[in-house]
Amino acid sequence: MQEAKNLKAYKKEVDDALQNEFLRTAMDNFAVAYRTGRVNAFAGMDVEKLVSDIADAKDYAIAHMDELFEEFKTNAEKTGVHVHLARTAQEANEIIARIADENNVAKIVKSKSMTAEETLLNHHLEADGYDVIETDLGEWIIQLRGEGPSHMVMPAIHLSRYQVADLFTDFTGQKQDSEIERLVKVARRELRQQYVEADMGISGANFALADTGSIGLATNEGNARLVTTLPRVHVALVGLDKLIPSLHDALLVNRALPRNATGQGITSYVTWITGPNACASALENKKEMHIVFLDNGRRDLAKDPIFSQVLRCVRCGACANVCPVYRMVGGHKYGHIYIGAIGLIITYFFHGRDKAKNLVQNCINCGACKAVCAAGIDLPRLIKEVLARIQDEAGHPLTSLLLGKVLRSRKLFHTLLRSARIAQKPVTDDSQYLRHLPFFF
Ligand code: SF4
């Protein structure tokens, strides 16, 4: 997770990341494989039309966010779900901690949720004394390492299997093989017991369907199903931007989401949850289910004429996958919590100027992110807008200030041009043109 620090310290960290051969190899291998996988996954599909349909569906949902929330709440409550609305990250964490407290929870299992990363939910719950265990393999690995995710879909992409084998060796106290299948087995063996012992499961959601009050999760490891079914309490933490009118719209998004994220036609599991399921460990055999919607600036963003489109984002991570800067330095140096082009923008809105100011100036505006965005977001333009806002708020660098002053004054501009014409004489030899710059330039 990129912390706010001065530019010099940040540049030093970026330099270090550039020297990290391990990281560069991992990122390069992934970037090459991803491009081929994505092309194959979309073969024969009208991608432009799909992206445009997703943009329209999401724009409708953004414009009707409040109505969709009310509709969702009414329908979910009919099925026995408790629906909450948190205005801030802190409020969301407090609501979830209160639910844990009221239900005498001690152990919590969690499936992957960028929204929970956004609110730093684990830190809050752990500080309150709860035992929180990540169950997504990548999330569990970075939890054991005490790190944040370096990618929104593949949180441990910066690590090699050898590093993971060393980590598992330390954790289990037994030498572990670096074969991927064996490493997966270690995780499965260690985590299975946790689901059984947990009192509460926390998940995110990819979709919140207003017309039925259901949530949808697209996952690959099956851990989210265990997290949402086995423990006696289930809490889903969901950004308001995940609200969508119906299953029809969700399925539209889901045609692009796995293809754009990992080059898969569909994820291994697509789970729809409508109301609390039966649960043998719960009182009267009925699970307690809560859905906590997070605002954290989303309602204001929805009304912003320039930036509302960022709420179309389906968190596929493709804008990181193709970003040349991300490929060079990885997500820990090119993201705060949210990674990739979208991360540069929403970090400013969700986590503040301080966290965004260093990151945003690394964008080289190549446009690769815009070309692959599943929701047709004009990412390069919005990154420039964020940079301009940060500079307006924090003050422009001296060179930009001087240049701005010169460009605003016709007289000053022409005076400087005339002076430059005289000043260049020693190197132009009275010619009007300069064929080669002097060496010291
Ligand atoms: S901005 Fe677009 S490409 Fe990036 S994560 Fe969101 S939907 Fe995917």
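1. Let's start with the salt bridges: the count comes to 22, taking a salt bridge as a side-chain nitrogen of Lys or Arg within 4 Å of a carboxyl oxygen of Asp or Glu. Side chains of opposite charge can pair when their charged atoms come close. Keep in mind that this is a predicted model, where local features need pLDDT of at least 70, side-chain atom pairs count only at pLDDT 80 or more, and totals for chains, interfaces and linings use all residues. Residues are numbered from 1 along each chain as its sequence is written, and side-chain values use heavy atoms, with hydrogens and water left out.

2. Two of these pairs sit within helices (helices are DSSP runs of H or I with at least four residues, strands are runs of E with at least two, and both are numbered from the N terminus). Lys 12 pairs with Asp 16, the closest N and O atoms being 3.0 Å apart. Because they are 4 residues apart in helix H1 (residues 7–18), about one helical turn separates them. In helix H3 (residues 47–63), Asp 53 and Lys 49 are likewise 4 residues apart, again about one helical turn, and their closest N and O atoms are 2.8 Å apart. An α-helix has 3.6 residues a turn, so residues three or four places apart point the same way.

3. How open are those side chains? Lys 12 is partly exposed at a relative accessible area of 49%, and Asp 16 is partly exposed at 41%. The cut-offs: buried is under 20% relative accessible area, exposed is over 50%, and partly exposed is in between, with a 1.4 Å probe and protein chains only.

4. Which salt bridge links two strands? Lys 110 and Glu 134 form one, with the closest N and O atoms 2.7 Å apart. Lys 110 lies in strand S2 (residues 107–110) and Glu 134 in strand S3 (residues 131–134), so the pair ties together parts that are 24 residues apart in sequence. Both residues are buried. Elsewhere, shared partners join Glu 118, Asp 241, Arg 298 and Arg 315 into one network of salt bridges.

5. Next, have a look at helix H16 (residues 340–351): 10 of its 12 residues are buried, so it is largely enclosed by the rest of the structure. Among the buried ones are Ile 342, Leu 344, Ile 345 and Tyr 348. The cover includes helix H6 (114–119), H13, H14, helix H17 (353–360), helix H18 (368–372) and helix H19 (379–394). Just after H16, Gly 352 takes a positive phi of about 100°.

6. Phe 307 belongs to the loop between helix H13 (298–302) and helix H14 (318–321), and is buried with a relative accessible area of 0%. Not counting residues up to four places away in sequence, Phe 307 touches Leu 301, Ile 345, Phe 349, Leu 382, Glu 385, Val 386 and Arg 389, where contact means heavy atoms within 4.5 Å. Phe 307 and Val 386 are 79 residues apart in sequence but 9.5 Å apart in space, C-alpha to C-alpha.

7. What about the ligand? Of the 13 residues around the ligand, Cys 313, Cys 316, Gly 317, Cys 319 and Cys 373 come nearest; a residue counts as near if one of its heavy atoms lies within 4 Å.
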